[in-house]
Amino acid sequence: MADDPEKERFLMEFGQDYGYPNAPKNVDEIRATEFKRLNDIVYLDHAGATLYSESQMEDVFKDLNSTLYGNPRLRFDLGLVNAIKEDSYEMPRPTPSHSGRWMVLIDAAKGSATSPPDLSKYKADFVVVSFYKLFGYPTGIGALIARNELHKGSNEWHIEVDPIRFRPNLVVSGGKPYIEDGWRSLKIGQTNFTSVGGCNRCQMINMTFTAGTVQRSNEPLATLASYRRLKGKIYFGLLLKMCDSIKQEALLRAGQEIVANAE
């Protein structure tokens with residue numbers, strides 16, 4: 001490496017700041033003595049996990065070989081996983097409610113060594129595993145396991161909702177999602193409207209009325225609450241006020257063109 005012309009040019013420009021110049025050993029000396037296993041491998045530091053040095057492993061081995069360590073753990077009641085997922089667990093202190101949309105992560109490393117959790121029974125969304133807890137050795141390696149349905153393309157999290165749920169007077173097609181948030185006024189055909197603000201939503205939009213029965217769920221209000229909440233209220237849609245005189249005849253027809261903010 002000392003005869004590498006590219007490195008020499010690099011050191012001429014950045015040598016004052018490169019490689020811990022004021023430390024007892026510079027980066028090249030550290031690599032040569034502490035990371036001999038790298039040889040000519042290019043390693044990007046902190047790309048997921050930091051490499052352990054040889055002296056560190058020697059110290060760890062001496063410590064483990066001369067000291068008795070235990071790894072006590074409190075047992076976690078897996079029943080809480082389902083209680084939280086079903087929204088039947090009462091939080092000990094005030095906390096934002098997600099109406100059944102809590103996501104649960106459990107650390108299964110300790111239990112995986114002797115009694116792996118049954119994820120078909122306990123519907124955790126994420127499971128984290130640190131292998132050093134399994135093997136009793138500081139590997140620095142772990143894994144995060146997530147359910148397939150949490151993937152961005154999963155249909156389970158893309159629920160189609162009938163617009164009738166929102167009891168609209170007017171339904172507009174086309175345009176970007178939530179484009180109405182920026183509407184100050186609206187012209188439909190020859191009739192003019194002005195916006196009086198967003199429409200605050202309640203649990204009614206979670207109800208489906210079919211064949212004389214009422215079905216309740218957490219959606220779509222739970223999803224809207226996650227990103228459409230403002231000052232404690234959940235907004236979706238727009239409230240309009242007719243600007244023209246009530247004596248003037250106004251007739252709206254399906255398919256009429258709308259013009260926003262035309263003033």
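## Exposure and a surface patch

A residue is called buried under 20% relative accessible area, exposed over 50% and partly exposed in between, with a 1.4 Å probe and protein chains only; because Phe10 has 36% relative accessibility, Phe10 counts as partly exposed. The model is predicted, so local features need pLDDT of at least 70 and side-chain atom pairs count only at pLDDT 80 or more, while totals for chains, interfaces and linings use all residues. Residues are numbered from 1 along each chain as its sequence is written, and side-chain values use heavy atoms, with hydrogens and water left out.

Phe10 is found in helix α1 (residues 5-14), helices being DSSP runs of H or I with at least four residues and strands being runs of E with at least two, numbered from the N terminus. Together with Leu11 and Phe14, Phe10 forms a nonpolar surface patch of about 250 Å² accessible area, computed by the Shrake-Rupley method with a 1.4 Å probe. Patches take residues with over 30% relative accessible area and no salt bridge, joining nonpolar side chains (Val, Leu, Ile, Met, Phe, Trp, Tyr) within 5 Å and like charges within 9 Å.

## Salt bridges

The structure holds three salt bridges, each defined as a side-chain nitrogen of Lys or Arg within 4 Å of a carboxyl oxygen of Asp or Glu. In one of them, Asp28 and Lys7 meet at 2.8 Å, N to O; Asp28 lies in helix α2 (residues 27-34) and Lys7 in helix α1, so the pair ties together parts that are 21 residues apart in sequence. Lys7 counts as buried at 16% relative accessibility, whereas Asp28 is partly exposed at 32%.
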